[in-house]
Amino acid sequence: MARSDEQAPLKVLQISDTHLHATVASRMRGVNTYDTFTAVLNHAQRDARWPVDAILVTGDIVQDESRAGYLRFRAEMQVLGPPVFCIPGNHDDPKLMDELLNVPPFKVGGDMRIGRWSFVLLNTFLTGEDAGGLGEKRLHALAVALREHANQYVIVCMHHQPLPMGSAWLDGVGLRDAQQFLSVIDTHDNVRCVAWGHVHQASDRMRGKVRYLSTPSTCSQFLPSSDFFALDNRPPGLRWIELYADGRVETAVDWVQMEPRQ
Ligand SMILES: [Fe+2]
């Protein structure tokens, strides 16, 4: 995809872990996930950064693996305009995603160029597991994609965390072959950003030239640094990512205050 103004940053909205259900009234941990999802989308559309060049959705789109949940997600997202890049999380049904979300403006997995940047969408889903993994085949495909985009800056997008979050229970369901993943990233100097979901909390770290970002859920958040499962009282969140033509990455998280549903 070509861009007319190469000086302006590429603008990306990342949302994650929407955990939608077959019905709009369903709650997860006391939160109506359809309400929080639509509140986050409304918040994004009122921001000065809107419209964005791409929306990144880093998994756990639907909680109950329902067709109706994916159709609802599709209906809300396809009217927004920008391309929507999706990857499955541990709660998703990758088959349903391929069936329902591989029509424009949606794209599930793969790699795309926009201007000086390439997006590599990495599937870390393991059947029947909450943890994620890549294995030799996906690691090899990642290395091939990074070579094919050698002249581009690259953002790698995934569901499971490749870096420890400092939370024992959560790190027990992270990316199993994180070391192998990091060594592929370390041997390709075009990667500038790695962004994920799954952990329902914000984090922002530099490792070498690469910015590693976790993004809050559009519903409830997990308490950072807790060794046992615990909820945080932070509201729904989203992340803005601005990708500059010189490889620079600027980012910010917004928290969206909600009125309780009656
Ligand atoms: Fe997850």
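The legends below accompany close-up views of a predicted model.

**View 1. The buried face of helix α6 and the elements that cover it.** Helix α6 spans residues 178-186, and its buried residues are Ala178, Phe181, Leu182, Val184 and Ile185. Seen down the axis of α6, these buried residues fall within an arc of 155 degrees, so they line one face of the helix. An α-helix has 3.6 residues a turn, so residues three or four places apart point the same way. What covers the buried residues of α6 includes one helix, α4 (135-148), together with the strands β9 (153-158), β10 (191-196), β11 (203-207) and β12 (210-214).

View 2. The side chain of Gln221 reaches the backbone oxygen of Pro235 at 3.0 Å.

**View 3. The hairpin formed by strands β7 and β8.** Strand β7 (residues 110-114) pairs with strand β8 (residues 117-121) in the antiparallel sense, over 5 bridges. Gly110 stands opposite Leu121 in β8, while 2 residues lie between the two strands of the hairpin. In the turn, Gly115 has a positive phi of about 60 degrees.

**View 4. The second largest cavity and its lining.** The count of cavities of 30 Å³ or more comes to 2, and the second largest cavity has a volume of about 40 Å³. The lining of this second largest cavity consists of Leu20, His21, Thr23, Val24, Ser26, Thr33, Tyr34 and Arg72.

**View 5. Gly208 in the loop between β11 and β12.** Gly208 is found in the loop that lies between β11 and β12, two strands that are also among the elements covering the buried residues of α6. Because its relative accessibility is 69%, over the 50% limit for exposure, Gly208 counts as exposed. Gly208 and Gly197 are separated by 11 residues in sequence, and the distance between them in space, taken from C-alpha to C-alpha, is 21 Å.

Terms used. Residues are numbered from 1 along each chain as its sequence is written. This is a predicted model: local features need pLDDT of at least 70, side-chain atom pairs count only at pLDDT 80 or more; totals for chains, interfaces and linings use all residues. Side-chain values use heavy atoms; hydrogens and water are left out. Buried means under 20% relative accessible area, exposed over 50%, partly exposed in between (1.4 Å probe, protein chains only). Helices (H or I, at least four residues) and strands (E, at least two) are DSSP runs, numbered from the N terminus. The arc is that of the directions from the helix axis to the C-beta atoms. Contact means heavy atoms within 4.5 Å. A polar contact is a pair of N or O atoms within 3.5 Å; within protein, one must be able to donate a hydrogen and the other to accept it, and residues adjacent in sequence count only if both atoms are side-chain atoms. Two strands pair if DSSP finds at least two bridges between them. On a 1 Å grid over the protein atoms alone, a cavity is a set of points where a 1.4 Å probe fits but cannot get out, and a pocket is an open set with protein on both sides within 12 Å along at least five of seven lines; lining residues have an atom within 4 Å of a point. Grid points are joined across faces, edges and corners, and a volume is the space filled by probe spheres set on the points.
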